[in-house]
Structure formats: structure tokens, C-alpha cells
Amino acid sequence: MKTEGQVPIEQKDRPKSVPDDSAEFAERVRVNQGKLRSELKSQYDFIVCGSGSSGSVVAGRLAENPDISVLVIEAGGDDDVPTVNDAGQWVTNIGSERYWQFEAEPNPHLNGRAIPMGMGKVLGGGSGMNAMIWARGHKSDWDFFASETGEPRWGYESVLDTYRRIEDWQGAPDPRYRGTGGPVFVQPLQDPNPAAPALFETIHSLGIPIFENQNGRIMEADAGASVADVRIRNGKRQSVFRSYVFPYMDQANLTVLPHALVTRVTFEDKRATGVEISYDGRVRSIRARGEVILSLGAMHTPKVLMQSGIGDQAELNHFGIPVIEHLPGVGLGFQDHPGVCCLWECTDSLPTRPAGSGHIREECDRFS
């Protein structure tokens, strides 16, 4: 959402990197952010609402320019906790304070069950509490987006170039599909379940091809299977927030504000001027000279839009919300990506394998 001013942006190709174990840098961040939060301004150049994957990329790219002031607003708390950092503890975040407890309505096609629809509520959003799998979109999807929008930059080849640029791929070199040196650390799953070789053997026997990794040639195929790619480094989660925002949090131009809930976008006529937030026990307004970016997820983004007066007029009138723009599509068209788990019983005991043994990758190579 554009506001009353235009702020020039100068961007570099990649964010700077910071060692995960840099205690000195972490302390600089703590002191700097404590100061910036205690001296919260009434106006910033850009206000990014939500610190999930999308918001983190936008905020990090904006913060590259030290002359631009950026405020990142996040309803959840700090991500510097063991259940977020330790990749092996990811499942403990489900149902915790780092989890929005959304739930679908009971579905008659599911025997009346109500499916949970949790989302991340922490710095990093979903990337701060999910299973850390790095999954690209399929070629057919990207090319469909390009055809629907008439914008070739949404097409597969264009997006593939972006994927290569942002990746720091740790697997076998594959310059056609994988990139190195970018901010997004990705590696093949290091310690898959010992039953995986038998599973790949069966999949292959059915005529389904096995691919060397999850995000290369398989994204152009009609079907296939592979070991997952993950955002885990030395046993630690690599959230998008940590890759894009954290490296700039020692700078004076970037303020990250956790425990702050965006309640609405403020307007003058039909031009966004800033946001209203609930923070530290009170409601306050913060203005934006440049733009307000809503990246609050599939639930909260339409909710905030409607609370701001953008949505279906009948719905807004029902709740007594003044209409800024009648836009019936707001809040509709939600699409989930449900996961389906399969369970098998194994009659034989299976040996464990040390992490990083590479055995499963060898199995994939044997079939591919």
C-alpha cells in the first residue's frame, strides 16, 4: 500500500551474512533493538506488518539501504528459544504460544472433524516454527501464474533464476537448477528414516522416477520422488527471518517490534498513511512516509484489510466498519496445502544410521 511519499530504494543482490555463533553480533543486536524499541518513532519510511517469510525478505531488502527507516511489526515473540533454534524440537511449537490456534469449521466430508490451521506467531512466522522443508513451486504452476497475469517474470525460467540467486545449496553441484552463495542455506536431509531405501525401491518398481533432490529436475517432471531439502545448519533452524532480517538488526535504520498486533491500516481518503497497533498495553498509531506492507499470512492479512475498511461492503456494514473500498474478493479464495501421512508396519528391525552418512542420497543416485 503506497502512502503519501515516494522513498527511493537502492538494492543489492544479496543480504550480508552473519555467523550463527557470533555472540558479539547477537549482543550488538540486543542492545540496539532494545534502544530502538524504547525510542519508538511516530513515523518510518516503510512499515512491514508481519515477520514471516514474505515480510522478512521485504524488510531485509529495504534495510540494506541505511538511509531508509524500516519498522517490522510482529504479534509473536522472540525466536531465540530452544524450541525454535533446535531443529529437532520443531514439533513442540505446535499448540504453543508461538502458534496461532486457527481451526476450520467442522467439515461434513471429514466426519464432522474440524481441521486445525495453525500459523507461526514468532519472529520468522511460519519459517520460525515449521518443519524446515525447502520446497519450490512446480514449473506448471509458475507458467500458469505468468499466463494468468500476462507477466513473464512470474514464469518458471524467471523464477528459477531467482531461486538460483538466493540459494546457498550444500548438495551436489547442479548449476542449472541450484545456486550457491545466496542467503538461503539449503541442504539435503542428512539423516532420513532407515526405511527410506525400501520405500524408494518400491516407488521405482511402480515406474515412478526417483530424483537426486527435491528442487531440481523434479520440478519439471510429471511425477517423481526424492529426499527432502531442508533449511537446517548444524542442527539449527535457518528461518527466513534469520537469513534476511537478523543480519541488519544491529543497524539504526531497522526496528523489529515483537509482541505488537496490527489492528488496522490508517487512511486519509483512499491513501494509506500508516498503521494502528496494540502494543505494550495500549493502542498507538504509526505513520509511514513510503509504504505499508501487509504480510500477515493468509488469515490476518484479509482480516486487517477488512478491519481497515477494505472488503465486501455488506460484510463491513454488518460489523459497523466504515467502507474505504468495496472489494468483495478480500477474505475469499483461501487455499490450504494439507499434508497426508502414510503409516507402514515393518516386520524387521531397522538399523540406525549416523547423521550425514549420505546413504539415502546414494540410494537416490542409484535410481536417478
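Predicted model: local features only at pLDDT ≥ 70, side-chain atom pairs only at ≥ 80, totals over all residues.

Me: In the open sheet of three strands with mixed pairing, what is the order of the strands?

Reply: The edge strands, each of which pairs on one side only, are β5 (167-169) and β7 (229-230). The sheet is open and its pairing is mixed, and the order of its three strands is β5-β6-β7.

Me: Which residue in β6 stands opposite tryptophan 169?

Reply: Strand β5 pairs with strand β6, which covers residues 184-188, in the parallel sense and over three bridges. Within β6, the residue that stands opposite tryptophan 169 is valine 186.

Me: What angle does the direction of α5 make with that of β5?

Reply: Helix α5 covers residues 156-166. This helix packs on the sheet, where α5 touches both β5 and β6, and its direction makes with that of β5 an angle of about 65°.

Me: Tryptophan 169 also has a charged neighbour, so how far from the centre of its ring is the charged end of arginine 178?

Reply: A charge counts as sitting over a ring only if it is within 6 Å of the ring centre and within 35 degrees of the ring normal. The charged end of arginine 242 sits over the ring of phenylalanine 246, 4.1 Å from its centre. The charged end of arginine 178 likewise sits over the ring of tryptophan 169, and its distance from the centre of that ring is 3.7 Å.

Me: Turning to aromatic pairs, why is the pair of tryptophan 142 and phenylalanine 145 called edge-to-face or stacked?

Reply: The structure holds seven aromatic pairs. In the pair of tryptophan 142 and phenylalanine 145 the ring centres are 5.6 Å apart and the planes stand at 85°, which is over the 60 degrees required, so the pair is edge-to-face.

Me: Are tryptophan 142 and phenylalanine 145 buried or partly exposed, and what is the relative accessible area of each?

Reply: Both residues lie in helix α4 (residues 139-149), three residues apart, about one turn of the helix. Buried means under 20% relative accessible area. Tryptophan 142 is therefore buried, at 14%, whereas phenylalanine 145 is partly exposed, at 35%.

Me: How many residues apart in sequence are the parts that the pair of tryptophan 142 and tyrosine 163 ties together?

Reply: Tryptophan 142 and tyrosine 163 form an edge-to-face aromatic pair, with 6.4 Å from centre to centre and 70° between the planes. Tyrosine 163 counts as buried at 13% relative accessibility, and both residues belong to one aromatic cluster whose members include Trp134 and Trp154. Because tryptophan 142 lies in helix α4 and tyrosine 163 in helix α5, the parts that the pair ties together are separated in sequence by 21 residues.

Me: Finally, which residue in β10 is the bridge partner of isoleucine 73?

Reply: Strand β2 (residues 70-73) and β10 run parallel and are joined by four bridges. Strand β10 (residues 254-257) is covered on both faces, with Leu254 and Val256 buried on one side and Thr255 and Leu257 buried on the other. The bridge partner of isoleucine 73 in β10 is leucine 257.

How values were computed. Residues numbered from 1 in each chain as written. Heavy atoms only, no water. Phe/Tyr/Trp six-rings, centres within 6.5 Å; stacked < 30°, edge-to-face > 60°. Helix = DSSP H or I, 4+ residues; strand = E, 2+ residues; numbered from the N terminus. Buried < 20%, exposed > 50% of the residue type's maximum accessible area, 1.4 Å probe, protein only. Pairing = 2+ DSSP bridges. Contact = heavy atoms within 4.5 Å. Axes fitted to C-alpha atoms, helices over the stretch in contact; angles between N-to-C directions.
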